[in-house]
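Have a look at the model before reading on.

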Amino acid sequence: MDAVKQALLLFVHSKLTMCPDHRFAFASLAETVSLVKKDFSSDASSAVEAIQSLNASETRFAMADLTQLFKIAYQEGKRAELQGRLLRVILIYCRSSTKPQHQWPIKQKNFTLDIVYLHDKPTADNCPQKVYDALVDALEHVSQYEGYILETGQGLARILFRQTCVLLSHPLQRCMQDDLDIPKPLAKKTLAAEAAQNEDGVPVSTQ
């Protein structure tokens, strides 16, 4: 939970550094969604307070209904459109054995959904692949623009922070996730460096 809070703080401060007009609100998910901070605000101290108030629950919930989240996002998306803004929802989902569900009809899509899925390794007691598939279906069902779903089962904070940095990209300025190549493999970097060095080198005669 501490890593999640740090990732949220990283996202908020980075976004506000890029543009101080970005606004944030926060919600938590038990069996359904409840708002932690309803009103959108660009005030950093207000966002920090909301983030620090988040706590991990020790209860193992039998369900995770995203319907209310989509309902709230749809209403806020309509307000955002009237203001010339774009609404994005970032869902950080951490349940390895509870598939999310929703009863959301196909409507005009007016917000973008990004998902970060933090899960345990597969065991007889959980099903992270099935959960991941359900999250993909939900994203494709509601997202207006290209939404990313990023996952890790390694439990490393640095991976979560890296994924958070990927989500700093604007939905209208990002590539398709299938074309996402961040971070680039070291082998590709080495090959690119060698190619550049060869191009800049002195020609060698083979005569």
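Is the crossing of H1 and H5 left-handed or right-handed? The crossing of H1 and H5 is right-handed, where right-handed has the near helix turned clockwise from the far one by less than a right angle. Keep in mind that this is a predicted model, where local features need pLDDT of at least 70, side-chain atom pairs count only at pLDDT 80 or more, and totals for chains, interfaces and linings use all residues. Numbering starts from 1 along each chain as its sequence is written, and side-chain values use heavy atoms, leaving out hydrogens and water.

H1 covers residues 2–18 and H5 residues 157–166, and they pack at about 25 degrees with their axes 9 Å apart. That makes the two roughly parallel (angles under 35 degrees). In the contact (heavy atoms within 4.5 Å), H1 residues including Leu10 and Phe11 meet H5 residues including Leu160 and Phe161. The contact residues split into nine nonpolar, two polar and no charged.

| Space | Volume | Lining residues include |
|---|---|---|
| Second largest pocket | about 200 Å³ | Tyr132, Glu140, Met176 |
| Largest cavity | about 50 Å³ | Tyr74, Trp104, His141 |

Helix H4 (residues 128–142) gives the most to the pocket's lining, with four residues. That lining has six nonpolar, three polar and three charged residues. The largest cavity's lining has six nonpolar, three polar and two charged.

Definitions and conventions:
Axes fitted to C-alpha atoms, helices over the stretch in contact; angles between N-to-C directions. Parallel < 35°, antiparallel > 145°, perpendicular 65-115°, else oblique. Nonpolar A, V, L, I, M, F, W, Y, C, P; charged D, E, K, R; others polar. 1 Å grid on protein atoms, 1.4 Å probe; cavity = no way out; pocket = protein on both sides within 12 Å on 5 of 7 lines; lining within 4 Å. Points joined across faces, edges and corners; volume = space filled by probe spheres on them.
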